[in-house]
Amino acid sequence: MNTEQKEINHSWEKTARDAQRALKERPSVSIRARLILGFGAWFALSLTLTIFSMIGVSEIQDKIRFLEVAQDYTVEIQQARRFEKNFFLYQTNLDDALEHIRNAAAILETNAKGITSAVGRDNYTRIRKPLRQYKQLLEKIDKDQLANISSNLETMESVLREHGAEMVTVANEFLGKERELVQSMLSLSQKVPLIFLGLLLLLIIFLGYFIANQMLAPLKRMMLATTRIAEGDFTPITPRRRYNDEFSKLATALNHMMLQLVRRQEQLIHAHKLKAVGTLTAGVAHELNNPLNNIILTSSALKEEYQDIPGEERDDMINDLLNEADRAQKIVRKLLDFAREGKLEAESLDAEKLINQTLELASNQIKLAGVKVRGEIQPDLPRIYGDGQQLIQVFLNIILNAVAAMPDGGELTITIQNTKDREYVAIRFTDTGPGIPEHKQAEIFDPFYTTRPAGKGTGLGLSVSLGIIQKHGGEIKVASQVNKGTTFTVLLPATKIPAEI
């Protein structure tokens, strides 16, 4: 391999190694860990809302129990106030008033813990204070008897009514507040499911974005990379994120695969060229026999009859020796030019000239097979841009395949013309061989596929040729009918702007 090509390969391998290192050196955050974190956040949110709802429901239950107690308490003190009025109007029902006020006091004492939990200790004391004062006054009236307090009855009535009014007012105040609080808590509890659904929707949107961004986007990138690899573009995959995940490992594996593919492709091209050289050498050896035999015969005649041969005839024999030696030298030079690995430099080329050079290389095989070659060339063809040696290798492979398909003779027609859009130069090779069955036409470009007997072919020729043409920005097409022949069409970009190779 020449120095320039080695430098190109070294540069590509350095780029690939740098890409691999960059993929591996980032901090590792796996997709599994991110999914666990996302669903963990979802569970934590659900748990928080559940606990909040349970606490809210518990508080509402406490408030409802307080309302029930407060309702019972209010009923008792209102009954006590009713009998209080009867007492001051008719001097009756004092015992009833005392009974109801004692019931109210018992309710407060029995439910002291629950009421304190609902409204607080200070508010409990505030509720209890007027009740205690009202109860003490009623008990004092009952103890002193009406006769003994008639002189102070108006005063006591005023004080009792004052404490009773305060007692009812405080009870109604807390009852009203607690009812409003319960209503607000119930209203909030109705909104909690809506809030939860809103947060759930946001979380679903986030998870959808996460899956699309963290999984589908890298997957699409990997799919595009495989398509690019299938088309012969082996540019290494470089990192786009700050962390390393499962897709980074996949990218590393693809980069390694591309590195191996590049190396194998170079080996295949080299192996195919050696095979072509071997095929040509067999033909060249046969073709060299003619000039060498002529040289040997003429040299022997000169040696044996040198003195008896006239000078003019002797000069002709020497000229024959020189011509035959020159003929042999040209044959060897053509083989060496093809086998030599020159610089892979693309240049503007004449398609007709390349075909003629290829036919010269394959001339002996064509003659031995009895194949006639006919050419049809469109005038004023544009030039093509590429590597002459590689293109000759492709044309030679197609011509030798056509000759091998016509061992008993036939006709090979080579047509060079523009395509309709004038973007490509089309070079068609049409033989009159047995043709290729339709179900096998899709397989002929696969590596190691061959229809020849074992040991007669490697099955790499068309596969390598297709790779070379694709690197030139072109394409190879095949059309064939059984018992009628086969046409291989090589499309190469016409020279306008040189293609990158």
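This is a predicted model: local features need pLDDT of at least 70, side-chain atom pairs count only at pLDDT 80 or more; totals for chains, interfaces and linings use all residues.

Q: What is its phi like?
A: Phi of Asn483 is near 70 degrees, a positive value in a residue other than glycine. Most residues other than glycine have a negative phi. Asp380 also has a positive phi, near 55 degrees. Asp380 is in the loop between S2 and S3, and at 74% relative accessibility it counts as exposed.

Q: Which other residue is in that S2 to S3 loop?
A: Pro382 is found there, between strand S2 (371-377) and strand S3 (384-386). At 22% relative accessibility, Pro382 counts as partly exposed.

Q: What does Pro382 touch?
A: Apart from neighbours within four places in sequence, Pro382 is in contact with Asn418, Val425 and Ala494. Contact means heavy atoms within 4.5 Å. Pro382 and Val425 are 43 residues apart along the chain, yet their C-alpha atoms are separated by 7.5 Å.

Q: OK, zooming out. How many helices and strands are there?
A: The protein has 13 helices and seven strands. Of its 501 residues, 37% are buried. Among contacts with a separation of 6 or more, 77% are between residues 24 or more positions apart.

Q: Where does UniProt place the transmembrane region feature?
A: The unreviewed UniProt entry places "transmembrane region" at residues 35-57 and 194-212. UniProt positions are given in the numbering used here, feature names are shortened, and annotations may be inferred rather than shown by experiment.

Q: What do those spans look like in the model?
A: Residues 35-57 are 100% helix and 0% strand, with the end C-alpha atoms 33 Å apart. Residues 194-212 are likewise 100% helix and 0% strand, and there the end C-alpha atoms are 27 Å apart.

Q: New topic: how many cavities are there of 30 Å³ or more?
A: A search of the whole structure finds two. The largest cavity holds about 80 Å³ of space. On a 1 Å grid over the protein atoms alone, a cavity is a set of points where a 1.4 Å probe fits but cannot get out, and lining residues have an atom within 4 Å of a point. Grid points are joined across faces, edges and corners, and a volume is the space filled by probe spheres set on the points.

Q: Which helix gives the most to the lining of the largest cavity?
A: H2 gives the most, with five residues. Helix H2 (31-90) and helix H6 (153-230) each supply at least two lining residues. The lining includes Phe66, Tyr73, Leu108 and Phe174.

Q: And where does Leu94 sit?
A: Leu94 is in helix H3 (residues 94-110). Leu94 is buried, because its relative accessible area is 12%. Not counting residues up to four places away in sequence, Leu94 touches Phe87, Leu138, Ile141 and Asp142.

Q: Last one: how many aromatic pairs does the structure hold?
A: The structure holds one aromatic pair. Phe395 and Phe429 form this tilted pair, 5.9 Å centre to centre with 40 degrees between the planes. The pair links distant parts of the chain, with Phe395 in helix H11 (residues 388-405) and Phe429 in strand S5 (residues 424-430), 34 residues apart. Rings of Phe, Tyr and Trp (its six-membered ring) pair if their centres lie within 6.5 Å; planes under 30 degrees apart count as stacked, over 60 as edge-to-face and the rest as tilted. Phe395 and Phe429 are both buried.

Terms used: Residues are numbered from 1 along each chain as its sequence is written. Side-chain values use heavy atoms; hydrogens and water are left out. Helices (H or I, at least four residues) and strands (E, at least two) are DSSP runs, numbered from the N terminus. Buried means under 20% relative accessible area, exposed over 50%, partly exposed in between (1.4 Å probe, protein chains only). On a 1 Å grid over the protein atoms alone, a cavity is a set of points where a 1.4 Å probe fits but cannot get out, and a pocket is an open set with protein on both sides within 12 Å along at least five of seven lines; lining residues have an atom within 4 Å of a point.
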